[in-house]
Amino acid sequence: MKSYEIKGGNLPVVICNVYAGETLITESGAMSWMSPNMKMETSSNGGIGKLLGRALSGDTLFQNRYTAMGGDGLIAFASSFPGEIRAVEITQDKPMIVQKSAFLASEATVNLDIFFRKKIGAGLFGGEGFIMQKLSGNGTAFIEIDGSAVEYNLGAGQEIIVDTGYLAAMDSTCTMDIVTVPGVKNMFLGGEGIFNTIVKGPGKVILQTMPINNVANAIAPYIITDK
């Protein structure tokens, strides 16, 4: 990729300048605008296995591949929710685990795979879901953050306790587990839920300040439906 620029404040879009013949991949519906020489091809990008994996992780079933034909091209991808777009550099020895539906776009050399939590408790009760996404390979990927992003670099064995839903991404060297909130009164009267997520280093952790599920729950009582 020649260059990219993230604009739009808390309603962000990433504008990518790509070399002739270069391909970017994205989730269906993420493209906002592009130069006329960008050719689109819709693909399962890996066959039935990949297709099922995306269905389980909440992504669109198909991905779009955009290739610059006959010269350099331009293409923009917009976030689906107010927040941030973060560029992350993926290498063979540094994959990243992200929340489901976080993937926005990437260079074609980045692989997007399903990622299962090893402990069922972390999946069933952790808010981040039993199924997450793993970005591997080599290249630049763009992920969506709900609200603003806050980063921490955890040392080996260092832990951070996160309320469910606030974990946006972490290095694959980190581990995640679920613990119950201590005390029955704290569980049911504290308003913080029953479970917390514990992330243990070493590695980088990206937290988000406005999980989309929290926003949905907050506005649900004010939505009037026809009877």
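**View 1. Ile6 and its bridge partner in S2.** In strand S2, the bridge partner of Ile6 is Val14, and that of Lys7 is Val13. S1 is joined to strand S2 (residues 13-18) by 5 bridges, and the two run antiparallel; strands are DSSP runs (E, at least two residues), numbered from the N terminus, and two of them pair if DSSP finds at least two bridges between them. The hairpin of S1 and S2 has 5 residues between the strands, and Gly8 there takes a positive phi near 100°. The model is predicted, with local features needing pLDDT of at least 70 and side-chain atom pairs counting only at pLDDT 80 or more, whereas totals for chains, interfaces and linings use all residues. Residues are numbered from 1 along each chain as its sequence is written, and side-chain values use heavy atoms, with hydrogens and water left out.

**View 2. The open sheet containing S1 and S2.** The sheet comprises 4 strands in the order S1-S2-S7-S4, with antiparallel pairing. Its edge strands are S1 and strand S4 (31-34), each of which pairs on one side only.

**View 3. The aromatic pair of Tyr4 and Phe142.** A search of the whole structure finds 2 aromatic pairs (ring centres of Phe, Tyr or Trp, the last by its six-membered ring, within 6.5 Å; planes under 30 degrees apart are stacked, over 60 edge-to-face, the rest tilted). The rings of Tyr4 and Phe142 have centres 5.1 Å apart and planes at 75°, so this pair is edge-to-face. Tyr4 lies in strand S1 (residues 3-7) and Phe142 in strand S13 (residues 139-146), 138 residues apart, so that the pair links distant parts of the chain. Tyr4, at 37% relative accessibility, counts as partly exposed, whereas Phe142, at 1%, counts as buried (buried is under 20% relative accessible area, exposed over 50%, partly exposed in between, with a 1.4 Å probe and protein chains only).
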